[in-house]
Amino acid sequence: MRITVIDQPRPGAASRASAGILAPSIAGLPESVRAAALEARDLYPHYLEMLRDRTDIDVPLDRQGILELAVSEAELERSAALSGPSAARLDARALASLEPALAVHAGAIHHPHDGAVDNVTLMAALDVAVARHPRITRITDEISSFDARGNLPAFLSRGGTRYASRRLLVASGAWAGSLPGLPRPLPVRPVRGQLVRLEGLPIRHVVHLADGYLVPRAGTLIVGATSEEVGFDSQTTPRGLAALRAIATRAVPVLGHAAVADHWAGLRPIAPDGVPIYGADPSVPALAYACGLSRNGVLFGPWAAKQLAPLLAGGPAPATLDPFRLDRLFQDTP
Ligand SMILES: Cc1cc2nc3c(=O)[nH]c(=O)nc-3n(C[C@H](O)[C@H](O)[C@H](O)COP(=O)(O)OP(=O)(O)OC[C@H]3O[C@@H](n4cnc5c(N)ncnc54)[C@H](O)[C@@H]3O)c2cc1C
């Protein structure tokens with residue numbers, strides 16, 4: 001196959017803005033996609049090896065496990081009851097010996113196989129892999145609509161170019177819901193997430209709290225994330241940054257004084273049930289979707305690409321994609 005990637009960079013694009021957490025154990029995903037999420041996480045080491053072979057870029061992958069913090073005994077019990085068989089319950093002492101900066105807490109659940117990928121380096125590696133690939137062409141252009149007329153369906157650009165192909169994939173993030181001409185408008189909306197990077201690194205593990213998370217990265221600590229319905233506004237705000245500071249300080253009190261190294265925001269492409277949309281359009285088989293990736297798009301990315309490949313090559317979609325089909329969201333309409 002020859003592949004053309006058409007992309008017009010936009011402020012708020014999610015993949016670089018994300019925190020890169022790979023947390024199928026605590027992502028709050030429905031049971032129907034739990035196995036796929038675990039498989040997606042476990043595919044990462046092999047995927048990053050393949051990328052390293054092609055690009056010489058080593059994308060950092062943290063697989064030390066994630067600590068799900070509990071602020072009280074009751075919360076610890078609740079989280080333990082909801083955790084999978086591989087999770088370990090750490091009481092306050094065990095937690096303090098693993099992460100002394102978390103000694104103030106009642107305990108944590110350790111999800112040993114979850115972790116985080118450095119998504120910024122990952123995106124840089126993908127840029128190089130795409131540039132080096134002899135059969136992938138990358139074009140910077142703004143797609144203004146989908147057009148099913150003619151021999152081959154096509155994306156039309158704002159400048160009038162018609163990109164026709166036997167297979168088309170919509171992968172336009174938070175903007176997928178506003179692409180004209182599709183058989184039906186996609187139920188995808190932007191939800192802003194703000195993040196801040198603090199100087200210093202008092203912890204080694206990714207830490208998950210009820211309302212946020214901390215991700216160690218390159219000697220600094222990323223703290224996330226807000227969840228705001230503000231349309232396509234991708235700015236950070238004083239209020240958002242204060243909320244993130246409060247999350248950080250609640251987890252690790254010394255972070256109350258940590259200097260801010262950086263802050264940014266991204267737009268999550270949210271589907272109504274929080275499950276990505278992967279697969280063919282129900283009425284136009286030449287059209288496929290990888291959008292509405294919601295809060296776990298980085299986690300699912302390589303797994304979804306592998307599942308979608310046979311479909312994009314002209315075959316049927318594998319059954320593994322059934323829980324992700326678009327028509328699950330339209331079951332009450334003909
Ligand atoms: C703050 C935050 C934290 C997150 N944390 C995590 C996490 O820890 N773990 C995890 O797994 N996921 C996380 N996510 C979610 C994850 O980042 C997203 O699900 C995923 O990156 C979405 O990828 P995408 O390719 O669909 O969208 P994007 O990365 O937004 O890419 C879409 C691209 O399409 C382009 N585009 C849009 N419309 C057009 C058009 N008409 N013509 C041409 N180009 C167009 C855009 O410019 C953009 O480049 C987070 C997201 C945010 C915002």
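Where is Ser-234 found? In this predicted model, Ser-234 sits in the loop between strand 16 and helix 6 (238-251). Its relative accessibility is 17%, under the 20% cut-off, so Ser-234 counts as buried. Leaving aside residues up to four places away in sequence, Ser-234 touches Pro-11, Gly-12, Arg-192, Ala-265 and Leu-267.

The loop between strand 16 and helix 6 also holds Ala-225. The peptide bond that leads from Gly-224 to Ala-225 is cis. Its omega is near -20°.

Strand 16 itself covers residues 220-224 and includes Leu-221. Leu-221 has a relative accessible area of 0% and is therefore buried, the cut-off being under 20%. Its contacts, not counting residues up to four places away in sequence, fall on several stretches of the chain. Among them are Val-196, Arg-197 and Leu-198. Gly-200, Leu-201, Pro-202 and Ile-203 are also touched by Leu-221, as are Leu-214, Val-215, Pro-216 and Leu-255. Thr-320 is 99 residues from Leu-221 in sequence. In space, the two C-alpha atoms are 36 Å apart.

Ala-218 lies in the loop between strand 15 (212-217) and strand 16. Its phi is positive, at about 45°, although Ala-218 is not a glycine. The relative accessibility of Ala-218 is 77%, over the 50% cut-off, so this residue counts as exposed.

A positive phi, of about 60°, is also found at Ser-294, again not a glycine. Ser-294 belongs to the loop between strand 19 (287-291) and helix 7. At 6% relative accessibility, Ser-294 is under the 20% cut-off and therefore counts as buried. Ser-294 is also one of the residues closest to the ligand.

The ligand is surrounded by 32 residues. Besides Ser-294, the closest include Asp-7, Gln-8, Ala-14 and Ser-15. An N or O atom in the side chain of Asp-7 is 2.8 Å from an oxygen atom of the ligand. Ser-18 places a polar side-chain atom 3.5 Å from a ligand nitrogen. At Val-298 the backbone takes part: one of its N or O atoms lies 3.0 Å from an oxygen atom of the ligand. Taken alone, the ligand exposes 1,000 Å², and the protein buries 92% of that area.

Strand 17 gives the most, with 4 residues. By class, the shell has 15 nonpolar, 11 polar and 6 charged residues.

The protein as a whole has 7 helices and 19 strands. Its radius of gyration is 21 Å, close to the 20 Å given by the globule rule for 334 residues, so the protein is as compact as a globular protein of that length. The C-alpha trace spans about 65 × 40 × 40 Å along its principal axes. Buried residues account for 46% of the 334. Of the contacts between residues at least 6 apart in sequence, 70% join residues at least 24 apart. The accessible surface comes to about 15,900 Å². Carbon and sulfur atoms make up 55% of that surface.

Terms used: Residues numbered from 1 in each chain as written. Predicted model: local features only at pLDDT ≥ 70, side-chain atom pairs only at ≥ 80, totals over all residues. Heavy atoms only, no water. Near = heavy atom within 4 Å. Polar contact = N/O pair within 3.5 Å; in protein donor to acceptor, adjacent residues only side chain to side chain. Areas by Shrake-Rupley, 256 points an atom, 1.4 Å probe, with all protein chains shown as cover. Helix = DSSP H or I, 4+ residues; strand = E, 2+ residues; numbered from the N terminus. Nonpolar A, V, L, I, M, F, W, Y, C, P; charged D, E, K, R; others polar. Rg over C-alpha atoms; globule rule 2.2 N^0.38 Å. Buried < 20%, exposed > 50% of the residue type's maximum accessible area, 1.4 Å probe, protein only. Contact = heavy atoms within 4.5 Å.
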